[in-house]
Amino acid sequence: MKSALSLSLLLFVSGSYAATEATYINPAPLDAKQIGQVSFFKAGSATQSEVIESLSKKSDALGGTHFVVTSLNAADTTYATANVYHLN
């Protein structure tokens, strides 16, 4: 239940979150091409800002313009993954 609540809050709050360059968006734009995946890991709890900021920076490093969170676990450790997209 805690993971589901965390994911719901993460998706709700960060739905329009714009980072340095890569932007969290769900779903990805239709003309975007998936260019990779990124992940976040932290022992213990992490704030949603930490998760989004880390995924965004890693997406930027891949040359992505958007990313979509595909998994989130916020139990004893915080772990998240995201697909990275580039708009053509």
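Which side chain makes a polar contact of 2.4 Å with the side chain of Ser71? In this predicted model, that partner is the side chain of Thr81, a residue found in strand β4. The protein chain has two helices and four strands, which follow one another from the N terminus in the order α-β-β-α-β-β.

**The chain as a whole**
- Of the 88 residues in the protein chain, 34% count as buried, while the exposed surface comes to about 5100 Å², with carbon and sulfur atoms supplying 58% of that area.

**Confidence of the prediction**
- The protein chain has a mean pLDDT of 79, and 74% of its residues reach 70 or more.
- Confidence is highest in strand β2 (residues 32-43), where the mean is 95, and lowest in helix α1 (residues 2-13), where the mean is 45.
- Over residues 4-20 the pLDDT stays under 50, and for this stretch the model has 21 contacts beyond four places in sequence.
- Where pLDDT is low, the predicted coordinates should not be read in detail.

**The nonpolar core**
- The largest nonpolar core consists of 12 residues in all, namely Ala22, Val38, Phe40, Val51, Ile52, Leu55, Phe67, Val69, Leu72, Ala80, Ala82 and Val84.
- At least two residues of this core are supplied by each of β2, α2 (48-62), β3 (66-74) and β4 (77-87).
- Two members of the core, Leu72 and Ala80, also stand opposite each other, with Ala80 placed in β4.

**Strand pairing around β4**
- Strands β2 and β4 run antiparallel and are joined by 11 bridges; within this region of the model, Ala43 has Thr77 as its bridge partner in β4.
- Strands β3 and β4 also pair in the antiparallel sense, here over eight bridges, and a hairpin joins β3 to β4 through two residues.
- Ala74 has its bridge partner in β4 as well, and that partner is Thr78.

**Thr81**
- Thr81 counts as buried, because its relative accessibility is 17% and the cut-off for burial is under 20%.

**Thr78**
- Thr78 lies in strand β4 and is buried, with a relative accessible area of 3%.
- A polar atom of the Thr78 side chain lies 3.0 Å from the backbone oxygen of Gly44.
- The C-alpha atoms of Thr78 and Ser45 are 5.6 Å apart in space, although the two residues are 33 residues apart in sequence.
- Leaving aside neighbours within four places in sequence, the residues in contact with Thr78 are Phe40, Phe41, Lys42, Gly44, Ser45, Ala46, Val51, Leu72 and Asn73, and among them Phe40, Val51 and Leu72 belong to the largest nonpolar core.

**Asn83**
- Asn83 lies in strand β4, and a relative accessible area of 13% means that Asn83 is buried.
- The side chains of Asn83 and Gln34 are joined by a polar contact of 3.4 Å.
- Not counting residues up to four places away in sequence, Asn83 touches Gln34, Gly36, Gln37, His66, Phe67, Val68 and Thr70, and one of these, Phe67, is a member of the largest nonpolar core.
- Asn83 and Ser59 are 24 residues apart in sequence, and the distance between them in space is 8.6 Å from C-alpha to C-alpha.

Definitions and conventions:
Residues numbered from 1 in each chain as written. Predicted model: local features only at pLDDT ≥ 70, side-chain atom pairs only at ≥ 80, totals over all residues. Heavy atoms only, no water. Buried < 20%, exposed > 50% of the residue type's maximum accessible area, 1.4 Å probe, protein only. Areas by Shrake-Rupley, 256 points an atom, 1.4 Å probe, with all protein chains shown as cover. pLDDT = per-residue confidence, 0-100. Contact = heavy atoms within 4.5 Å. Core = buried A, V, L, I, M, F, W, Y, C linked by side-chain atoms within 4.5 Å. Polar contact = N/O pair within 3.5 Å; in protein donor to acceptor, adjacent residues only side chain to side chain. Pairing = 2+ DSSP bridges.
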